[in-house]
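Colleague: I would like to learn how to read a helix and its surroundings, and then the contacts between aromatic rings. Could we go through them one at a time?

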Amino acid sequence: MNLITLENIYKSYSEKPLLEGIKLNITDEDKIGIIGVNGTGKSTLLKIIAGVEECDKGTITKMNGLRIAYLPQHIEFNDEDTVMDHVFNGPGEVMAVLRDYEHVLNEMKHNSEDSKLTDRLLKLTAKLDALHGWEIESEAKAILTKIGISDFEAKMGSLSGGQRKRVAFCNVLITPSDLLILDEPTNHMDNDIIDYMEELIKKRKGGVLMITHDRYFLDRITNKIFEVDRGELFSYDGNYSTFLEKKAERMQMMEALESKRLNLYRNELAWIKRGAKARSTKQKARIQRFEEIKNTSYAVKEDKMEMNTASSRLGKRVFELEHISKSFGDNLIIKDFSHIFTKEERVGIIGNNGMGKSTLLNIISGRLQPDSGEVIKGETVKLGYFTQENVELDGNMRVLEYIKDTAEYVTTNDGTKITASQMLENFLFEGPLQHSFISKLSGGERRRLYLLKVLMEAPNVLFLDEPTNDLDIQTLTILEDYLDNFGGTVVIISHDRYFLDRTANRIFSFEGKGEILELVGNYSDYKDYKEFKEEQLQEEVSKKKEEPKQKREKQQKLKFSYKEQKEFETIDEDIANCEAAIEKLESDINKQGSNFVKLQELFKEKEEMEGKLEHLMERWEYLNELYEEIQNQ
């Protein structure tokens, strides 16, 4: 089913068009990834499709009643809203009723005797029954719990940026929609959460359109790739890996066409120079064709960044950590950690948000002091620190000013001197953009500019804290190539699995309670190790379950104890009585569906009875197994 069609869409914020003649079609079967260099209009295109912005020219045709759920890159929220307020902040009657229900429920916790609140809750409960809203509420709380949000009444203003993004993701996922639009959904997300998001989006019915730099995410979800390049849009069927193959084929074809055009142009130019006269219709047509050939070209040059800046010499000693520990209050972040960094070591640091990854980098760099232990820094170390936040960028400075403030020129590995302006061009900041204020740049362009500043300082040790956030895939690819040839030590904090696989040769994994696991290899090697350890753990659990049986086999004669004999005689009846009690409780719950206080009591009683039944079933299995062994002696 066709959801939305865009025809000849134009959009500009200055004299130069950002999007020019865009045509696309999205169906309910499409799961589309949009890629392209930062600043080419990817987010703008999403906003136009989502209806947040309007295009300057063009037509947009939507399916009747099309429902769109949109996750922007930067979340807008009310500080005083609770998590559930924001989750149910969507269009439609069911979402409005869910918002009211959660609000009244929260008020009743402080004033359960208020009859007006009770009456209102009963009415809202009836409405949710009619709208089948309980499924949405249950799904929302299940998703929030799975992505690490357990306090549903927490204020949005008290959450971290990553937590807000998770709440907003839950909001768009549970909002009934035909088209889900996501702008950088994996930014600031833990790897476990990204895996979970993948599964949710893959199972979801309806169209999906998203911007992401996570290449594994694109590979596992998308069946179509849209590439935005110089204001145009190119469509490729397949996932990211297929896109790479098909784009290479397209570029080869464009090069062949351009070569053919140039040959034809040279031949026609020679004819023109010989003094062609436009007397006959045939000659006029040939001259006209020459003008068309002259004014037509096939773009084959890709925007590429070159990062071949030279780094200063690095001695044998880099950083040595001796028994480092760090706590914040009762929260132990790092416990007795030691490591000697070596030249050309590539360390990838992973772990859930808030576990202390950035804290470790800040301790090593001297920005933060450990509670105990020592950090020894090599005399030749020149550190380049690419932080998670763009704290060093002044929006009132111009782009060229900002880079010149670091260096007027940079020396490359081959000794060539490149000016700040030329280096900016290599980083896709051309012409007028160099004289723009930093405040006018997109988030990705600012990150790219900040990266250039760090590299122009010619460091021999690089700390990269979440370098993949807001950077486009082209920039990441070039950064990966740069790190391949970088002669110093690199330490990377990242949730980008592809980037870690491509760059890391050692993993530091924050496991909790201050423990840091060290493992040689990249992220995939770490995953294989964790799966292996999980299999070992399962085998150990299975062996422990078998131990009582093996011990009994060694005994000369097995028999029931007096207590076991009595239990064996009555356990079937006990199980039946317990099941009957649970069945009665479920019936009572259905009858008391509108009585909030009674419901709480019944649910608690049912939970206790289910726990009792589970224990009885375990005892039944044990006693019957023992009975069979006694009979077989």
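Colleague: Which residue just after H4 takes a positive phi?

Modeller: His132 does, with a phi of about 55°; helices here are DSSP runs of H or I with at least four residues, numbered from the N terminus, while strands are runs of E with at least two. This is a predicted model, in which local features need pLDDT of at least 70 and side-chain atom pairs 80 or more, whereas totals for chains, interfaces and linings use all residues. Residues are numbered from 1 along each chain as its sequence is written, and side-chain values use heavy atoms, leaving out hydrogens and water.

Colleague: Which residues of H4 are buried?

Modeller: An α-helix has 3.6 residues a turn, so residues three or four places apart point the same way. In H4 the buried residues (under 20% relative accessible area, with exposed over 50% and partly exposed in between, using a 1.4 Å probe and protein chains only) are Leu117, Leu121, Leu124, Thr125 and Leu128. Seen down the axis, they fall within an arc of 110°, so they line one face of H4, the arc being that of the directions from the helix axis to the C-beta atoms. The face turned away from this buried side carries the exposed Lys116, Lys123 and Ala130.

Colleague: How many aromatic pairs are there?

Modeller: Rings of Phe, Tyr and Trp (its six-membered ring) pair if their centres lie within 6.5 Å, and planes under 30 degrees apart count as stacked, over 60 as edge-to-face and the rest as tilted; the count comes to 12 aromatic pairs. Among them, Tyr216 and Tyr498 are edge-to-face, at 5.3 Å centre to centre and 65° between the planes, and they link helix H8 with helix H16, 282 residues apart.
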